[in-house]
Amino acid sequence: MSLLQVQGLRKSFGGVQAVQGVSFALQAGELLALIGPNGAGKSTTFNLVGGQILPDAGRVLLQGQDITGLAPRAVWRRGVGRTFQIAQTFASFTVLQNVQMALLSHDRHAWRWWRRADAHRPQDALALLEQVGMAAQAQRPCSALAYGDVKRVELAMALAHAPALLLMDEPTAGMAPAERLALMQLVQRIARERHMGVLFTEHSMDVVFGLADRVAVLVRGQLLAEGTPQQIQDDARVQAAYLGTGLALESA
Ligand SMILES: Nc1ncnc2c1ncn2[C@@H]1O[C@H](COP(=O)(O)OP(=O)(O)OP(=O)(O)O)[C@@H](O)[C@H]1O
């Protein structure tokens, strides 16, 4: 059974048909990149899976269970984690405290008990930081970190929830080419180790064609093609869709 099945999703905003019957599947341990020109419907699809937007039609199944229309928090409870285009951490708290707070949230302790974070599962928080290569910086405030390191802390916070599926919205936005490949190599390794599926939107073709297992191409709200990076790069329809958009399909 696929980890995630998206079946015939549709969403219109007024007269704009943002997503028009999109279907795809994602397996555990796999990285699926959702790409397409501006306005293709990537964010809308992403938000339909995460529960931020209600679909007009179609279904989202997680491990065979229908999660269509559930609120974001309920989708999260079912095992769907999320990272954001602009990493979200508490700047004045230490790296370790940030992960401890994510563990608190996962363990269903209310956020207002944040003062207890210091005492909450410090060894587990440290182990998560080791997984993302941030244990040495555990005691630094997040405000003192380089942006690439903040993204690693955000990843550790998402992993605190032990998600079966991780949604990553433009994970490498604002990062230098070497940094973004390193981050996504880390995500790939963790996805394999944890059998966690990763659905990500991405504009950097070096990341998409270097690290995704499969690529889904959206154009004007429809799924134009889906396949391995090589199949997508060789697909004449995809190349035509990108012509004139100012985006290059080749890896940098
Ligand atoms: N809340 C909204 N209200 C009205 N129109 C919307 C809304 N969200 C998206 N749209 C429209 O739906 C279409 C798809 O937008 P979407 O943001 O999903 O595309 P995208 O592929 O993520 O684009 P980009 O790469 O520019 O972020 C666009 O025409 C957009 O203007």
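**Entry 1: one residue to start.** I began with Val19, which is buried because 29 other C-beta atoms lie within 10 Å. My cut-offs: buried needs 20 or more other C-beta atoms within 10 Å of the residue's own, exposed means 12 or fewer, and partly exposed is in between, with C-beta atoms placed from the backbone. I found Val19 in strand 2. Helices (H or I, at least four residues) and strands (E, at least two) are DSSP runs, numbered from the N terminus.

Next I asked which residues Val19 is in contact with, leaving aside its neighbours within four places in sequence. They are Leu9, Arg10, Lys11, Gly41, Thr44, Thr45, Leu48 and Gly221. Contact here means that the two C-beta atoms, placed from the backbone, lie within 7 Å. I also checked Val19 against Leu48: they sit 29 residues apart in sequence, and their C-alpha atoms are 9.6 Å apart in space.

**Entry 2: what I am looking at.** This is a predicted model, in which local features need pLDDT of at least 70, side-chain atom pairs count only at pLDDT 80 or more, and totals for chains, interfaces and linings use all residues. Residues are numbered from 1 along each chain as its sequence is written. The protein chain has an average pLDDT of 90, and 92% of its residues score at least 70; pLDDT is the predictor's confidence in each residue, from 0 to 100. I noted an ipTM of 0.97 and a pTM of 0.92 for the model.

Entry 3: I traced an open sheet of four strands in the order 2-1-4-5, with antiparallel pairing. Strand 2 and strand 5 (65-66) are its edges, each pairing on one side only. Two strands pair if DSSP finds at least two bridges between them. Strand 1 (residues 4-13) and strand 4 (residues 57-62) run antiparallel and are joined by five bridges. Within this sheet, I saw Leu4 opposite Leu62 of strand 4.

**Entry 4: the ligand.** Which residues surround the ligand? I listed Phe13, Val16, Ala18, Gly36, Asn38, Gly39, Ala40, Gly41, Lys42, Ser43 and Thr44. A residue is near a molecule if its C-beta atom, placed from the backbone, lies within 6 Å of it. Strand 2 (16-26) and helix 1 (42-50) each supply at least two residues of this shell, and helix 1 gives the most, with three. By type, the shell has four nonpolar, six polar and one charged residue. Ala, Val, Leu, Ile, Met, Phe, Trp, Tyr, Cys and Pro count as nonpolar, Asp, Glu, Lys and Arg as charged, and the others, Gly among them, as polar.

**Entry 5: two domains.** The chain is divided into domain 1 (1-71 + 167-252) and domain 2 (80-162), with bounds from an automatic or database domain assignment. The contact takes 15 residues from domain 1 and 13 residues from domain 2. On the domain 1 side, strand 7 (165-169) and helix 6 (177-194) give two or more residues each. Helix 6 gives the most to that side, with five residues.

Entry 6: Last, I looked at Arg121, whose phi is near 45°, a positive value in a residue other than glycine. Arg121 is in the loop between helix 3 (95-106) and helix 4 (122-131). Arg121 counts as partly exposed because it has 17 C-beta neighbours inside 10 Å.
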